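Let's take a walk through a protein fold together, strand by strand and loop by loop. Keep the picture open and follow along as we go.

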Protein chains: 2
Amino acid sequence: MWHLYHFPLCPFSRKVQLVLGEKSIAYDPITLYPWDAGEEFRRLNPAGRVPVLHDSVRNWALIDSQAICEYLEETVAERPLILGSARARAEVRRLVALFDESFFGDITGPLLHEKMRKRLVLRQSPDSKTLRETSRLLHEYLDYIDWLVDNRRWLAGEQLSLADFAAAAQISVVDYLGDMDWSDHTSAHEWYRVMKSRPSFGPLLRQKMDGLPPPKHYADVND
Amino acid sequence: MWHLYHFPLCPFSRKVQLVLGEKSIAYDPITLYPWDAGEEFRRLNPAGRVPVLHDSVRNWALIDSQAICEYLEETVAERPLILGSARARAEVRRLVALFDESFFGDITGPLLHEKMRKRLVLRQSPDSKTLRETSRLLHEYLDYIDWLVDNRRWLAGEQLSLADFAAAAQISVVDYLGDMDWSDHTSAHEWYRVMKSRPSFGPLLRQKMDGLPPPKHYADVND
């Protein structure tokens with residue numbers, strides 16, 4: 001049986017949950033906040049962070065969201081998500097890295113620090129300059145998503161792929177934190193509505209973090 | 001013909017150069033500093049960063065170091081580097097991510113900022129508190145490399161893999177900047193000497209950055 005160590009607003013855990021859902025793989029979620037990762041968890045993952053997918057029967061663990069997704073892709077045939085020619089697969093992986101690294105570094109990471117960590121752990125107010133800068137950068141990424149879905153059917157090409165789920169996972173966290181602004185991004189918004197209405201998105205829309213409620217529209221698949 | 005956009009101290013470009021060398025793939029290097037990436041380069045890679053592997057004949061580009069490595073692994077049979085069972089491959093990818101993300105974020109990234117960017121672009125002195133913290137964290141990673149090579153033949157297991165090259169690429173940059181300290185890390189040091197003496201390492205040891213010379217021992221494969 002798979003156990004997924006995650007916390008509700010971790011975008012990388014969300015990416016893995018979406019892949020598990022798309023591939024119909026059963027798992028038990030175990031919530032672990034980054035500020036609670038102790039020695040026991042570090043024995044499982046020396047890097048000390050989620051997601052970790054642990055096989056409790058054989059007692060071994062898959063670590064790092066992209067290593068987990070590649071493993072699931074190699075071992076579960078249902079719903080391939082890194083697909084097509086080697087070049088097409090490289091395009092999927094380029095976009096996954098763009099959202100996992102650049103989007104996270106520019107937007108999701110700073111917002112989680114300002115709005116989650118400062119509120120729940122540090123008891124500080126968010127820094128308005130940082131929030132303005134993430135908002136500015138968010139529009140640049142949304143311009144790029146507009147361009148991608150205006151020129152392709154899905155982000156990486158003609159087929160739904162891991163790139164769509166990596167992007168939607170990051171955006172879902174920004175949306176939970178109340179920072180999505182879809183104005184002037186009709187194409188990107190339509191793409192996200194379609195992603196949000198997939199059954200694999202259900203668990204993400206139901207997850208709540210204590211002390212940090214999402215805005216009302218968050219779980220509405222039509223919004 | 002492949003053209004590799006890189007700069008001499010980019011650890012991710014170094015990882016790709018090592019893989020190109022191991023797989024005997026010919027390429028022309030093109031130096032592009034992060035502070036010189038203009039509009040033309042951004043049309044090639046919207047993320048605006050190296051490495052980019054550009055096919056000048058067919059005019060398309062591979063972007064993101066891990067997407068490039070996975071592509072080369074899928075298309076060039078010589079010297080497989082993500083190898084073994086799905087579980088073994090997941091272990092290779094876990095360690096690649098550990099060095100590409102955690103080691104880079106904790107050590108190589110801050111050192112490049114303090115010692116390269118501040119010296120060449122910002123004309124500032126490095127911050128001694130940051131240097132002390134990277135030095136402390138470096139010993140933790142070297143402890144972990146000691147443990148890995150004491151318990152396995154190579155970092156990810158019985159075979160040389162992309163994990164070894166990802167780790168050595170990061171360490172080679174730290175070494176160039178004069179910040180390697182191998183004291184009390186005999187096993188890790190021996191492993192690095194072996195990596196450094198591979199022919200694929202040659203181009204890395206010959207690369208110099210203007211205004212930022214490496215320490216004398218840097219290119220000595222016995223040191």
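Start with Tyr5(A): its bridge partner in β3(A) is Val52(A). A quick word on terms: two strands pair if DSSP finds at least two bridges between them. Strands themselves are DSSP runs of E with at least two residues, helices are runs of H or I with at least four, and both are numbered from the N terminus.

Before going on, know what you're looking at: this is a predicted model, where local features need pLDDT of at least 70, side-chain atom pairs count only at pLDDT 80 or more, and totals for chains, interfaces and linings use all residues. Residues are numbered from 1 along each chain as its sequence is written, chains are lettered from A and ligands numbered from 1 in the order in which they are written, and side-chain values use heavy atoms, with hydrogens and water left out.

Now look at the other neighbour of β3(A). Strand β4 (residues 60–63) of chain A also runs antiparallel to β3(A), again with four bridges, and here Leu53(A) has Leu62(A) as its bridge partner. The hairpin of β3(A) and β4(A) has four residues between the strands, and Asn59(A) in this hairpin takes a positive phi near 55 degrees.

What about the two faces of β3(A), residues 52–55: buried or exposed? In a regular strand the side chains alternate between the two faces of the sheet. Here, Val52(A) and His54(A) sit on one side, Leu53(A) and Asp55(A) on the other, and all of them are buried (buried is under 20% relative accessible area, exposed over 50%, partly exposed in between, using a 1.4 Å probe and protein chains only).

Most residues other than glycine have a negative phi, and most peptide bonds are trans. Yet the bond from Val50(A) to Pro51(A) is cis, with omega near 0 degrees, and Pro51(A) is in the loop between α2 (39–44) and β3 of chain A. In chain B, a cis peptide bond joins Val50(B) and Pro51(B).

Ser24(A) isn't glycine either, but its phi is positive, near 55 degrees. Find it in the loop between α1 (11–22) and β2 (27–31) of chain A; Ser24(A) counts as exposed because its relative accessibility is 52%.
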